[in-house]
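Visitor: Could you take me through this model? I would like to begin with the sheets and then turn to the helices and loops.

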Amino acid sequence: MLPTPQYAWPLLNQRAGCEVWVKHENHTATGAFKVRGGIVLIDALKRAKPKLPGVISATRGNHGQSIAWSGRRHGLRTVIVVPHGNSRDKNLAMRAWGAELIEHGRDFDEAKDHAAMLARDQGLEFIGPFHPELVAGVGSYALELFSAVADLDAVYVPIGCGSGICGLIAWRDALGLKTKIIGVVSEQADCYALSFEAGKPLETPSANTFADGMAVRVPVPAALDMVRAGAERIVRVSEDEIKAAVRHFYTDTHNLIEGAGAAPLAALMKDQARKGGRVALIASGGNIDREAYIEALSS
């Protein structure tokens, strides 16, 4: 895939009071950064298991599109499990890429457990939300960003299951940079913030957030270890702050950005240390249902 652009939008710079570079992962083939991980992981699986019958995974949408898009390129059967009430538009997109879609459970974590069970029953390769090859793939956006923009003080990145922030940390460290990596979660789905503060994995009873890409109740231990070792901090943002950031992206850049992709801007706007600095935001995707987008624009 081609690199995605990073732009410093004048109106966004004025709003934030600092130099802001947006890494536009909403410009990929599937509209989100996850496609990078799917390309690398499915290629690795096919090399290791040429007769692989198929793969199965769980998602709220962007990861599922990534697996379906990459699976179709390799002629693989792809089964994706989503929770009930998942994004209609993301479901349609996954089916259009060739996925067999199954709805199960009240949230991502229940869908993930069901996918693991189906993998055993049907002899499919289970793809979890966090894997070294996924991190290697999605981390390519970090290499593009760090190569294009020098001397970044900080990068704000949303946390779902952790592949995006871990890819950033890995490349920051590999390049020997001093850039601070700041994770962002919703106040309504803050298992990674709680776990970061406690120094151990902690689950939350629910993850009901407008930003479905961050709607995770259970942290991945391997991801949490990397985040605790390499992130500066994790910022919680409210639902209203996320929706405001969606609006700001529209007015200041005329880009369609989903809730998780807008959350880094929400975190930046409440960070008093931002003034006069040079920062980057990971706009992780632009896959948002029409009704949800209208709700955010009308708030």
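This is a predicted model: local features need pLDDT of at least 70, side-chain atom pairs count only at pLDDT 80 or more; totals for chains, interfaces and linings use all residues.

Visitor: What is the order of the open sheet of four strands?
Guide: The order is S5-S4-S3-S6, with parallel pairing. Strands are DSSP runs of E of at least two residues, helices are runs of H or I of at least four, and both are numbered from the N terminus. Two strands pair if DSSP finds at least two bridges between them.

Visitor: And which are the edge strands there?
Guide: S5 and S6 (125–127) are the edge strands, each pairing on one side only. From one strand to the next, the twist averages 25°.

Visitor: Why is S4 largely enclosed?
Guide: Five of the six residues of S4 (residues 77–82) are buried, so the strand is largely enclosed by the rest of the structure. Buried means under 20% relative accessible area, exposed means over 50%, and partly exposed lies in between, with a 1.4 Å probe and protein chains only.

Visitor: How many bridges link S3 and S4?
Guide: S3 (residues 54–58) and S4 pair in the parallel sense over five bridges. Valine 55 is opposite threonine 78 in S4, and serine 57 is opposite isoleucine 80.

Visitor: How many bridges join S4 to S5?
Guide: Four bridges join S4 to S5 (residues 100–103), and these two strands run parallel. Valine 79 faces glutamate 100 of S5 across this pairing, standing opposite that residue.

Visitor: What does the chain pass through on its way from S4 to S5?
Guide: The chain crosses through helix H4 (residues 88–96), and this β-α-β crossover is right-handed. A right-handed β-α-β unit is also made by S3, helix H3 (residues 62–73) and S4. A crossover is right-handed if, with the strands pointing away from the viewer, the path from the first strand over the helix to the second runs clockwise.

Visitor: Which strands does H3 lie across?
Guide: H3 lies across S3, S4 and S6, running at about 170° to S4. Helix H5 (residues 108–122) lies across S3, S4, S5 and S6, at about 160° to S3. Axes are lines fitted to C-alpha atoms, for helices over the stretch in contact, and angles run from 0 to 180 degrees between N-to-C directions. Contact means heavy atoms within 4.5 Å.

Visitor: How do H3 and H4 sit, parallel or antiparallel?
Guide: The axes of H3 and H4 come within 8 Å and cross at roughly 10°. That makes H3 roughly parallel to H4. Angles under 35 degrees count as roughly parallel, over 145 as roughly antiparallel, 65 to 115 as roughly perpendicular and the rest as oblique. Residues that meet include Gln65, Ala68 and Arg72 in H3 and Lys90, Ala93 and Met94 in H4.

Visitor: At what angle do H9 and H10 pack?
Guide: H9 (residues 191–198) and H10 (residues 221–230) pack at an angle of about 60°, with their axes 10 Å apart. They are therefore oblique to each other. The contact is made by Tyr192, Ser195 and Phe196 of H9 and Ala223, Leu224, Val227 and Arg228 of H10.

Visitor: Changing topic, what is the strand order in the sheet of six?
Guide: That open sheet has the order S1-S2-S10-S7-S8-S9, and the pairing is mixed. Its edge strands are S1 (6–7) and S9 (233–237), each pairing on one side only. S8 (residues 180–186) and S9 pair in the parallel sense over five bridges, with glycine 183 opposite isoleucine 234 in S9.

Visitor: Now the loops: where is aspartate 151?
Guide: Aspartate 151 is in the loop between helix H7 (140–148) and strand S7 (154–158). Its phi is near 60°, a positive value in a residue other than glycine. Most residues other than glycine have a negative phi.

Visitor: Is histidine 254 buried or exposed?
Guide: Histidine 254 counts as exposed, at 60% relative accessibility. It is in the loop between helix H11 (239–253) and helix H12 (259–269), and its phi is near 55°.

Conventions
Residues are numbered from 1 along each chain as its sequence is written. Side-chain values use heavy atoms; hydrogens and water are left out.
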